[in-house]
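Please keep the sequence and the three-dimensional view at hand while reading.

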Amino acid sequence: MGAQERRRQKRIRDFVITRDGLICCYCNCPLTIETVTMEHIVPDSKRGTFNSTNLTVSCSGCNNRRGNQPFFEYCKNFNFSDEKLEKYRRLYFSNLR
């Protein structure tokens with residue numbers, strides 16, 4: 001990966017952290033800059049991209065347990081509010097465009 005791509009990914013990462021905060025999207029565990037992981041809504045293995053509409057923040061435990069399960073299927077393991085589900089639906093559908 002070249003320097004330009006690393007800078008692009010850092011900008012996206014910073015944007016996603018600012019948008020979503022330092023709290024796991026699944027278990028609501030507080031995170032730090034060192035412990036936050038970028039969670040793909042559509043997994044890499046299913047052609048998910050590294051862009052702000054396909055990323056959110058999570059702890060490494062939740063990220064690893066999810067693997068490549070569909071995002072909304074994995075969300076059923078947690079008590080997401082309607083508002084939170086709607087946020088991720090908007091991101092998911094804007095990512096498909």
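Which residues of H1 are buried? Before the reply, a word on the basis of the description is in order. This is a predicted model, in which local features need pLDDT of at least 70 and side-chain atom pairs count only at pLDDT 80 or more, while totals for chains, interfaces and linings use all residues. Residues are numbered from 1 along each chain as its sequence is written, and side-chain values use heavy atoms, with hydrogens and water left out. Helices (H or I, at least four residues) and strands (E, at least two) are DSSP runs, numbered from the N terminus.

The buried residues of H1 are Ile12, Val16, Ile17 and Asp20. They lie on the same side of H1, because the arc they cover around the axis is only 135°; such an arc is that of the directions from the helix axis to the C-beta atoms. Buried here means under 20% relative accessible area, exposed means over 50%, and partly exposed lies in between (1.4 Å probe, protein chains only). The face of H1 turned away from the buried side bears the exposed residues Gln4, Arg7, Arg11 and Thr18. Strand E1 (37-40), E2 and H4 are included in what covers the buried residues of H1. After H1 comes Gly21, whose phi is positive, near 80°.

Helix H4, residues 82-96, can be read in the same manner. Its 15 residues reach 21 Å from the first C-alpha to the last, close to the 21 Å expected. Lys84, Leu85, Tyr88, Leu91 and Asn95 are buried in H4. Their arc around the axis is only 125°, which puts them on the same side of H4. Asp82, Glu83, Arg90 and Leu96, on the other side of H4, are exposed. The cover over the buried residues of H4 includes helix H1 (3-20), strand E2 (55-58) and helix H3 (71-75).

The loops contain two further residues of note. Most residues other than glycine have a negative phi. Asn28, in the loop between H1 and E1, has a positive phi of about 65° although it is not a glycine. Asn28 is partly exposed, with a relative accessible area of 43%. Arg47 lies in the loop between E1 and E2 and likewise is not a glycine, yet has a positive phi of about 70°. With a relative accessibility of 77%, Arg47 counts as exposed.

The view may now widen to the whole chain. The protein chain has four helices and two strands, which follow the pattern α-β-β-α-α-α along the sequence. Its radius of gyration is 13 Å, close to the 13 Å that the globule rule gives for 97 residues, so the protein chain is as compact as a globular protein of that length. This radius is taken over C-alpha atoms, and the globule rule is 2.2 Å times the number of residues to the power 0.38. Of the 97 residues, 37% count as buried.

Finally, the confidence of the prediction deserves attention. The mean pLDDT of the protein chain (the predictor's confidence in each residue, from 0 to 100) is 94, and 99% of the residues reach 70 or more. Confidence is lowest in H4, at a mean of 91, and highest in E2, at 98.

Technical notes. The expected span of a helix is 1.5 Å times one less than its number of residues. Contact means heavy atoms within 4.5 Å.
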